[in-house]
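Reader: I'm new to this one. Can you walk me through it?
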Amino acid sequence: MYISTRGGNSRFTAAAAIKTGLAPDGGLLVPQELPTLDNSFLNELTALNYHQRAAKILKLFLDDYSESEIDACLKAAYNNIKFNDAAVAPVVKLNDEASVLELWHGPTSAFKDMALQLLPQLLSLALKKTGETAKIVILVATSGDTGKAALEGFADVVQTQIVVFYPHHGVSKIQELQMVTQEGGNVAVAAVKGNFDDTQTGVKLIFNDQGYRAKLEQQGFKLSSANSINWGRLLPQIVYYFSAYADLINQGTIKPKQSVNFVVPTGNFGNILAGYYAKLMGLPINKLICAANNNNVLTEFLRTGIYNRQRDFYKTLSPSMDILISSNLERLLYLVTGDSDKVASWMQELTEQGRYQVDAVSLKAIQQNFWSDWASDELTIETIKDVFDQYHYVMDPHTAVAWRVYTSYRQQTGDTTPTVVVSTASPFKFSESVLTAIAGKGSVNGKNEFDVLRELSRLTGWSIPVPLANLENKEIRHTTVGNKEDMPIIVKQALNR
Ligand SMILES: *Cc1c(COP(=O)(O)O)cnc(C)c1O
């Protein structure tokens, strides 16, 4: 069963947790206890493909889903029409110590697909299992990648509607095109004047407005979330940590039982938290290295125990990490303290004072598992160039932040543990930055987005993901731009269309 990080007596089945997204008290849902896996489980994974590995891990958490249901969900999510690599999440070795885990072979070329291809399938079954008759309305606040991945996952899924909000001028041109061209009878997309946190706060306000929700319910609509606070988002992400480990064994990079580090470019703390769950379940992970950009609120927290969101917000070259409130950190605090009263009071301080400080014992426990540093835009660009020159490997800016933080970890600690750097986006998704890094300033001058894609492909020999190339000829279907205050109305209009 699943419980809230902020306490209370409510217990949710997996299906109910996935359906509801957020706990009624505003907390996040977490499993009451975790399965622990032994070495033979890990060894068995080596002989399996991604789909089979996922089935073994998912069923540990979804005991109200049958094996054949889980299988059907996985087939719909990770098939070779949607993913352009048979391995789904391949591991590429760059040198003797470091490999890259590529999480961007899905339909939107970013790691969000790993979760958002599966979540709608799990949710659709959850509606059946819980006897739900209302239409589920997925509200998404996106810093760019989640929105498109959610649209792609939910388009035309029965008994669902999806409304996606993104910060106006806060996402890349390609990301915007991906969203505003989305097809499907149940989708709506709108830009919000403000940054990602404004957008996310607007969605949270809608969720917390009981009167508004009651009115929607009278019309047969119930709100849910596809943001990374939904357990159905986090769970699929646990799989690829195990899968990467099995691949490292198969590639001869590590021996069974050997420890590895993971470096994760982090924003909302969802990806790296899935790694921590994998560790708690028995995967031999030494350190989880949290890589941040100039919005380094998490680096400061992991070093000092002080979470302070009262700071300048920077737009960086790695926009999916431009976040000042990392929602999933709440789950880590709960896992580390086991104390929902403590977690609730820290979250209240964060809301009321914009800051909280964890106690020394909790900080120490966190630091045993996590390490953090950050990289500026300048270093990010330099890293893309260096890695391309040295390995002929093309990194997007988010991945480059992680690689840079990995090199700084390696220097500062001397730790030679085999390391997996998690790669979260195709370089083509952020092609302007990548081309500028590789070919120099001015190399994008006079080129539109698609010229840039072609030039990057020509220079690197890497091929452009087909869905990105196809954007050039797609019709723009969504043009709404509103203020934060308009968001509830935009949702109503989308539902009554
Ligand atoms: C969402 C995203 C991240 C951040 O992941 P979190 O789970 O929010 O920490 C990093 N890189 C890319 C490309 C993303 O889309």
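**A first walk through the model**

Author: Start with a helix cap. Asp209 caps the N-terminal end of helix 10 (residues 210-218), with a side-chain oxygen 3.2 Å from the backbone nitrogen of Gly211. Helices here are DSSP runs of H or I with at least four residues, strands are E runs of at least two, and both are numbered from the N terminus. A polar contact is a pair of N or O atoms within 3.5 Å; within protein, one must be able to donate a hydrogen and the other to accept it, and residues adjacent in sequence count only if both atoms are side-chain atoms.

Reader: What kind of model is this, and how are residues numbered?

Author: It is a predicted model, with residues numbered from 1 along each chain as its sequence is written. Local features need pLDDT of at least 70, side-chain atom pairs count only at pLDDT 80 or more, totals for chains, interfaces and linings use all residues, and side-chain values use heavy atoms, leaving out hydrogens and water.

Reader: Which residue takes a positive phi just after helix 10?

Author: Gly220, at about 90 degrees.

Reader: Now the sheets. What is the strand order in the open sheet of five?

Author: The order is 8-5-6-7-15, with parallel pairing. Two strands pair if DSSP finds at least two bridges between them. Strand 8 (221-225) and strand 15 (480-482) are the edge strands, each pairing on one side only.

Reader: How many bridges join strand 5 to strand 8?

Author: Five, and strand 5 covers residues 135-141. Lys135 stands opposite Phe221 in strand 8.

Reader: And the open sheet of six strands?

Author: That one runs 3-4-14-9-10-13, with mixed pairing. Strand 3 (91-93) and strand 13 (370-374) are at the edges with a single partner strand each, so one side of each has no neighbour in the sheet.

Reader: Which strand does strand 9 run parallel to?

Author: Strand 14 (residues 419-423); three bridges join strand 9 (residues 260-265) to it. Val263 stands opposite Val421 in strand 14.

Reader: Switching to the ligand. Which residues come nearest?

Author: Of the 15 residues around the ligand, Lys112, Asp145, Gly267, Asn268 and Thr424 come nearest. A residue counts if one of its heavy atoms lies within 4 Å.

Reader: What lies 2.5 Å from a ligand oxygen atom?

Author: A polar side-chain atom of Lys112. For Phe269, a backbone N or O atom lies 3.1 Å from an oxygen atom of the ligand. A polar backbone atom of Gly270 is 3.2 Å from a ligand oxygen.

Reader: Last topic. How do helix 17 and helix 19 cross?

Author: Helix 17 passes helix 19 in a right-handed crossing, meaning the near helix is turned clockwise from the far one by less than a right angle. Ile381, Ile384, Lys385 and Phe388 of helix 17 make the contact with Ser433, Val434, Ala437 and Ile438 of helix 19. Contact means heavy atoms within 4.5 Å.
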